[in-house]
Amino acid sequence: MAIPVPRNLRKNQVTVPNAGEWIDWILYDTQVYVDNTTVVLDGFFGTVRASIVDSNMETGGQMPGQKMFLLRGIGVEVLPPLNTSATTAPLIDVIALIHQGALRLNIGSKSYAEWPLFLLSAGGGVFGNPYTAGASVTYGVNGLPDPRACYGLARPLLLTSSLNFSCRIEWAAAVNITANCRIRVLLKGELGRPVQ
Amino acid sequence: MGNGGIPIPSGFSDHSVTVPNASEWVDKVLWDTQQYAAGGQVFLDFFQGLPASLPAGNLTQAGTIGNNVFIIRGLGVFARGSATGAAGVGLGIAVLAAQGVLRLIIGAKDYGVWPIHLLPVGGGVYGAANDNTGLSPYETTNIGRPDPRAGYVLTRPLLIPPNLNFRVRLEWTAAIAITNATNLVVCLKGEMGRFVQ
């Protein structure tokens with residue numbers, strides 16, 4: 001005997017033949033900020049990265065095939081370099097980069113919005129009081145590490161397939177930080193795609 | 001139906017970005033940065049000039065939104081610290097927020113006056129330090145929690161029509177000296193109406 005599925009759950013079924021589906025999705029892309037050098041990080045989401053850790057874009061600069069994306073929120077994170085023992089970016093570096101930068105979202109041929117980075121809370125990150133015996137330890141994250149503390153667009157934006165989009169982060173001048181770090185941009189929303 | 005037959009829920013179609021010959025409303029934050037001198041200021045005017053860079057501000061015409069329309073739904077004040085970010089905000093912002101007010105002027109009259117204390121921008125850095133090397137424990141001090149939900153929201157949004165002058169002024173009764181010059185940012189949050197691409 002099959003388990004009865006409540007009526008209000010049926011719309012969430014994942015294997016309806018010949019139909020499309022909309023699911024929770026976050027697009028993300030990462031670039032390296034070079035200490036005391038970088039002024040602009042352009043082309044977020046414009047490239048398919050080698051590692052899924054860096055990005056989950058399947059096609060550079062646009063949604064592939066029949067896929068669409070409804071952009072509902074956006075966030076920016078400062079992360080330590082990959083493959084090191086550093087678990088978090090130092091507080092003073094996060095402050096310097098987040099306080100001084102701004103992000104521009106381009107869709108098609110024009111800018112759709114821009115924000116200072118300090119408004120783009122990522123909605124995640126570590127929480128708590130750090131301690132290492134005999135050493136100084138600090139960490140910082142952009143906004144409260146709480147999924148509810150994510151910047152939501154007053155008006156969501158529907159990115160249809162083959163429509164180019166990208167993000168660009170600018171600083172007025174190169175920022176002097178402790179060491180190179182990674183900047184990750186998060187686009188939060190819903191993915192529309194053909195069902196499996 | 002959407003691309004290749006994927007049905008677009010009816011509510012989503014309202015958010016299409018490429019409707020020819022139409023206008024559109026998009027999320028918009030207008031911001032401007034001015035430096036509060038260490039020796040003190042009596043007032044700072046915002047949105048009266050073109051910013052030197054995008055991080056400093058995003059107004060493209062001094063004092064107006066140009067041919068577009070802007071609805072202000074919320075506003076806030078944020079302390080960036082020194083121009084390079086090397087020096088943290090410290091407690092200077094606590095002093096300035098406790099003793100200053102923000103005045104919003106649209107056209108020729110006031111549309112609101114608020115103590116700066118009441119205007120969290122709803123963003124910023126959260127962090128912690130167990131540190132013995134000289135970093136200030138107040139490094140993340142700012143106005144309000146770094147949470148978009150904590151931003152000040154207007155009970156009645158204000159719609160600014162095209163080409164109408166507006167400005168924001170931060171005022172103090174006297175110049176208050178603080179430890180380091182601090183860049184202050186005023187954010188006006190809302191939506192902008194413009195012609196679509």
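The model is a predicted one, in which local features need pLDDT of at least 70 and side-chain atom pairs count only at pLDDT 80 or more, whereas totals for chains, interfaces and linings use all residues. Residues are numbered from 1 along each chain as its sequence is written, and chains are lettered from A, with ligands numbered from 1, in the order in which they are written. For chain B the mean pLDDT is 87, with 86% of its residues at 70 or more. For the complex, the predictor gives a pTM of 0.90 and an ipTM of 0.87.

Two residues are in contact if their C-beta atoms, placed from the backbone, lie within 7 Å. Among contacts in chain A between residues at least 6 apart in sequence, 75% join residues at least 24 apart.

Four strands of chain A form an open sheet in the order E1-E9-E3-E7, with antiparallel pairing; strands pair if DSSP finds at least two bridges between them. Strand E1 (20-33) and strand E7 (151-159) of chain A are the edge strands, each pairing on one side only. From one strand to the next, the twist averages 25°. E1(A) and strand E9 (residues 181-194) of chain A pair in the antiparallel sense over 14 bridges, and Gln31(A) stands opposite Ile183(A) in E9(A). Helix H1 (residues 91-100) of chain A packs on this sheet, touching E1, E3 and E9 of chain A, and its direction makes about 135° with that of E3(A). The angle runs from 0 to 180 degrees between N-to-C directions, with axes fitted to C-alpha atoms, for helices over the stretch in contact. H1(A) is mostly covered, with 10 of its 10 residues buried, including Leu91(A), Val94(A) and His99(A).

The two chains meet through 63 residues from chain A and 58 residues from chain B. On the side of chain A that touches chain B, 37 residues are nonpolar, 19 polar and 7 charged; Ala, Val, Leu, Ile, Met, Phe, Trp, Tyr, Cys and Pro count as nonpolar, Asp, Glu, Lys and Arg as charged, and the others, Gly among them, as polar. Strand E6 (residues 137-142) of chain A and strand E6 (residues 125-130) of chain B pair in the antiparallel sense over 6 bridges, with Val141(A) opposite Tyr126(B).

Leaving aside neighbours within four places in sequence, the contacts of Cys187(B) include Leu119(A), Trp31(B) and Phe78(B). By contrast, Ala174(B), in the loop between strand E8 (166-172) and strand E9 (182-195) of chain B, counts as exposed because it has 8 C-beta neighbours inside 10 Å.

Methods. Helices (H or I, at least four residues) and strands (E, at least two) are DSSP runs, numbered from the N terminus. A residue is buried if 20 or more other C-beta atoms lie within 10 Å of its own, exposed if 12 or fewer, and partly exposed in between; C-beta atoms are placed from the backbone. pLDDT is the predictor's confidence in each residue, from 0 to 100.
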